[in-house]
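I opened my notebook to look up a few spots in this model. Here is what I jotted down, entry by entry.

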Amino acid sequence: MRTLLAAAAIISSAGFGVSQSPSSRDSSNASIAPLAISAARAQPGDALDAYDAYDAYDAYDAYDAYDAVDAVDAVDWQAGPLPPEPWAKADPADSLYRLAREAMSRGDYKRAAEIFHRIPERYPQSAYAGQALYFEAYSLYRIGGDEDLSAARDRLTLLKQRFPSIAKKDGDPLLTRVCGELAKRGDESCALSIDRKAQGDSEVVGPRITGSKVNCSPDADEDNDDRIAALNALLQMDADRAMPILEKVLARRDPCSVALRRKAVFLVSQKRTDETANILMSVARSDPDQEVREQAVFWLSQVPGSTGLLEEILKGNGDESIKEKALFSLSQQNEPRAQQILRDFAGRESENSDLRERAIFQLGQRRSPENTEFLRNLYSRLTNEDLKDKILFSLSQQRGAGNEQWIMNIALNPKEDIELRKKALFLAGQSGIAISELSKLYDRMGDSEMREQIIFVLSQRQRDPAAMDKLFDIAKNEKDPELRKKAIFWLGQSRDPRVQQFLIDLINK
């Protein structure tokens, strides 16, 4: 009777076998198939407690704060702003503003600059005059020729004089970007401006730029802080000019320099010089701000030849957050020595177990015979179940190295912890163990908990007809009603065209 009720519940909730939107944990480089967890959670509590999604690491879950793509986007500024919607229909410049805005939305910056230029020239009292000056300058900046950039600087200087509120909010950061591009092309006055601005000189920033009030908050909005814009501009300049400025910024210790130092460590990492690694290491050792130190270690991941410095951090630094970043950075180094350091760290019992898990995970992401052999041997020596769990997952990521069968042997070992056996079975299934082998294992397996897990593993291979055939067989012929119910439930989450009639027949039996 409970089996029939389960079938009826599945029919009403799953729409005769039309699968619900699956929910899964996103895992970088992971091969875990999407799980029908959202649908499962809608069922009665006993309909599915077979498996909670495997707790796979997200390869970069600790590093969201250090998104290099965001950092570069802030520099490139490619997704340009669009002028505000027209707001003054009675204004004599309204039609010109609309034409210029439309041209800009098409990416025709030359046409947009020409039309925006006419507005303050013809209608200096227009409500659109200030916006027109700003967006003319922006369009010229996007065109990008030497004369265009010089003209953009002139228009922004005029904007500062005539419309200081617009200049302060939007014009100053754009002026810094324009000047940064001019400095890259050899404009000495702009180079001096960027130097002073990047170092936080808020009074004088070159002959054409006057400063603005400095926001000392480390979390100040970067888009509205032209000190940050000045640092971004350094990314466009050659290393010989940029690095001395960045070193001066990193040497500061006043409260107003924290946000600057956080940005500067990224910029230093992008300049390939003989001193890049040593500068970042010095910051990691001595900067008073925890986040600056962590970012310095993280960005060593982008600097070739940092292996020795990162090893120093792992051996001598007691800060676990810093060590965590060092482990990641080591994993990005393309040197055999870096992998050996990770293996040594993962094997040291004196180290924090969470950090050892991180090292194990990183080893799994770098396929090599040495890493495979090390992880297998380490598993046999461990008593910590969490570490053994992470080794199973890491080995499952190394396809084609015989790990599938090794993991399957763990699942079959009755001396292992039952939860580890279940996870090993799941990972073996995800790694491509033949359905015929899983089917035979189900038939000879005496442990009901492991048989239930095999049902779940089969359900995750529903594109394989053999897996679905076995689920139908279990749903029809299994003597244990609880296991039949599990098989019926997972059939209800599949797209197999046979499910609808099967469930109807089961109810009418």
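Predicted model: local features only at pLDDT ≥ 70, side-chain atom pairs only at ≥ 80, totals over all residues.

I began with the contacts of phenylalanine 374: leaving out residues up to four places away in sequence, this side touches Arg343, Ala346, Gly347 and Leu363, where contact means heavy atoms within 4.5 Å.

Residues are numbered from 1 along each chain as its sequence is written, and side-chain values use heavy atoms, with hydrogens and water left out.

Next I looked up where phenylalanine 374 lies, and found it in helix α19 (residues 369-381); helices are DSSP runs of H or I with at least four residues, strands are E runs of at least two, and both are numbered from the N terminus.

Is phenylalanine 374 buried or exposed? Phenylalanine 374 counts as buried because its relative accessibility is 15%; buried means under 20% relative accessible area, exposed over 50%, and partly exposed in between (1.4 Å probe, protein chains only).

Then I turned to glutamate 320, which sits in helix α16 (residues 320-331). Glutamate 320 has 43% relative accessibility, so I noted it as partly exposed.

Of the contacts with a separation of 6 or more, 66% come from residues 24 or more positions apart.
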